[in-house]
Amino acid sequence: MNEISNHMPTSELQRLDAAHHLHPFTAHGPLSEKGVRVITGAEGTWLRDSEGRRILDGMAGLWCVNIGYGRAELAEAAYRQMKELPYYNTFFQTTHVPAIALATRIAELAPGDLNHVFFASSGSEANDTNLRLVRHYWARKGQPERQVIIARKNAYHGSSMGSASLGGMAAMHAQGGLPIPGIHHIDQPDWWGEGGEMTPEEFGRARARQLEEAIREIGPDKVGAFIAEPVQGAGGVIIPPESYWPEIMRIVQEYGILLIADEVICGFGRTGEWFGAQSYGITPDIMTIAKGLSSGYQPIGGSIVSDEIAATIAGDEFFHGYTYSGHPVACAVALENLRLLDEEGIVTRVRESTAPYLAEKWATLADHPLVGEAATRGLLGTMALTPDKARRAKFAADPGTVGLICREHCFAVDLVMRHVGDRMVISPPLVITEAEIDELVTRARRALDATLESVE
Ligand code: PLP
């Protein structure tokens, strides 16, 4: 067999891919008819494909390449660590320097008393850890009946049985008998889509109060935790009204339940602070991290927990862990990524200049006939497509049909934007420049024009 490489014709790579590769979140029938796009390289905010096209990556891969592509320092950190100690585990009272150094650095960056990190290799694994950790914590506190975790509809917390159950994606639950018992879902704070006649502030409070209603219905002594992203990402970049989080904080404190902030997307600079919780004044007991922790250069995630949780579970063994918890190469790369994000002032730059610039330019898209809402928070952007913006109306076609058409038109202009139903979302690398933001918005408008033609 010929060596499979970037030099093979695209059609041959596509044929082999269709023959042997099962993709995540993909319908394979249509895929093999059309052929996949083969990505061969990347630099900064730009991808290259096997046809030689340069593509503006408005999604930082899967919301993760915060530092941008092509940073040799991260490759060198991996190489150095692989030569020194490619693997050792952190079970049974052993450790190694990369895990110590990364946990220490994360504890420095994390707000409040979130000083302890349990490592995993992904956000899904970290959220599975959280599920078990919350139940273990309450058992140690002498309240083992506090089993229920409240989460939100349309949230994405991962793909494992536990994390997909925490998530509120109906299509995922429909496959394989999810959610598992003990998970309860309340509505998301999507004012544009679901706010009706309420003002955003009224709606934010009303949606937060669903948490209180759920706690009362289930029984306050049975609820262990509430999990949510500061800004719901894969659910459509749902930016909550300003009234939402203060009310959630009041409720979790009043009922004494743990708050898990899933920072897998919001963490590591995405909202202009190190963590989304800091942007919204949230004080979580646990934070889920992954993605931007290593900018996607290595698979690594984790759960950061408070002093109180760490002290409570310290007494006996937590029967939980992954072979790659605290993998030394992943830790070394993550540490280098955090160093660069900090020393190059990337998070500060997002807060002080890139995010305000994106907010201004993205908002100009709101005058397009198809766009109902065009909003940003940090370097997250969302755009609700609508046939009638005055009524905040939905399209007659199945939800997602027009969003999918728009995504295809984005591909045609070499822009990666993702659709979530009939919303278009962006989450570019944090190193995106103002000129690249201009280019992104110009291409987005061309894709919207083409979408309008397609749906008229
Ligand atoms: N949590 C959130 C908020 C996410 O967006 C994701 C992935 O998109 C996950 C968890 C799962 O992370 P992973 O894909 O690394 O398992």
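A residue is taken to be near a molecule or strand if its C-beta atom, placed from the backbone, lies within 6 Å of it. In the present model, which is predicted, local features need pLDDT of at least 70 and side-chain atom pairs count only at pLDDT 80 or more, while totals for chains, interfaces and linings use all residues. Residues are numbered from 1 along each chain as its sequence is written.

The ligand is surrounded by 16 residues, of which Ser122, Gly123, Ser124, Gly158 and Val264 are the closest. Helix α6 (residues 123-140) contributes three residues to this shell, the most of any element. By class, the shell holds six nonpolar, eight polar and two charged residues; here Ala, Val, Leu, Ile, Met, Phe, Trp, Tyr, Cys and Pro count as nonpolar, Asp, Glu, Lys and Arg as charged, and the others, Gly among them, as polar.

The protein contains 17 helices and 15 strands, defined as DSSP runs (H or I, at least four residues, for helices; E, at least two, for strands) numbered from the N terminus. The C-alpha trace spans about 60 × 60 × 45 Å along its principal axes. Of the 456 residues, 49% are buried, meaning that 20 or more other C-beta atoms lie within 10 Å of the residue's own, with 12 or fewer for exposed, partly exposed in between, and C-beta atoms placed from the backbone.

With residues up to four places away in sequence left out, Val333 touches Leu74, Ala77, Ala78, Ser294, Tyr297 and Gln298, a contact being two C-beta atoms, placed from the backbone, within 7 Å.

Strand β9 (residues 286-289) is covered on both faces, with Ile286 and Thr288 buried on one side and Met287 and Ile289 buried on the other. Strand β8 (residues 258-262) pairs with β9 in the parallel sense over three bridges, pairing requiring at least two bridges found by DSSP. Ala261 has Met287 as its bridge partner in β9. Strand β10 (residues 301-306) pairs with β9 in the antiparallel sense over four bridges, and Thr288 stands opposite Ser303 in β10.
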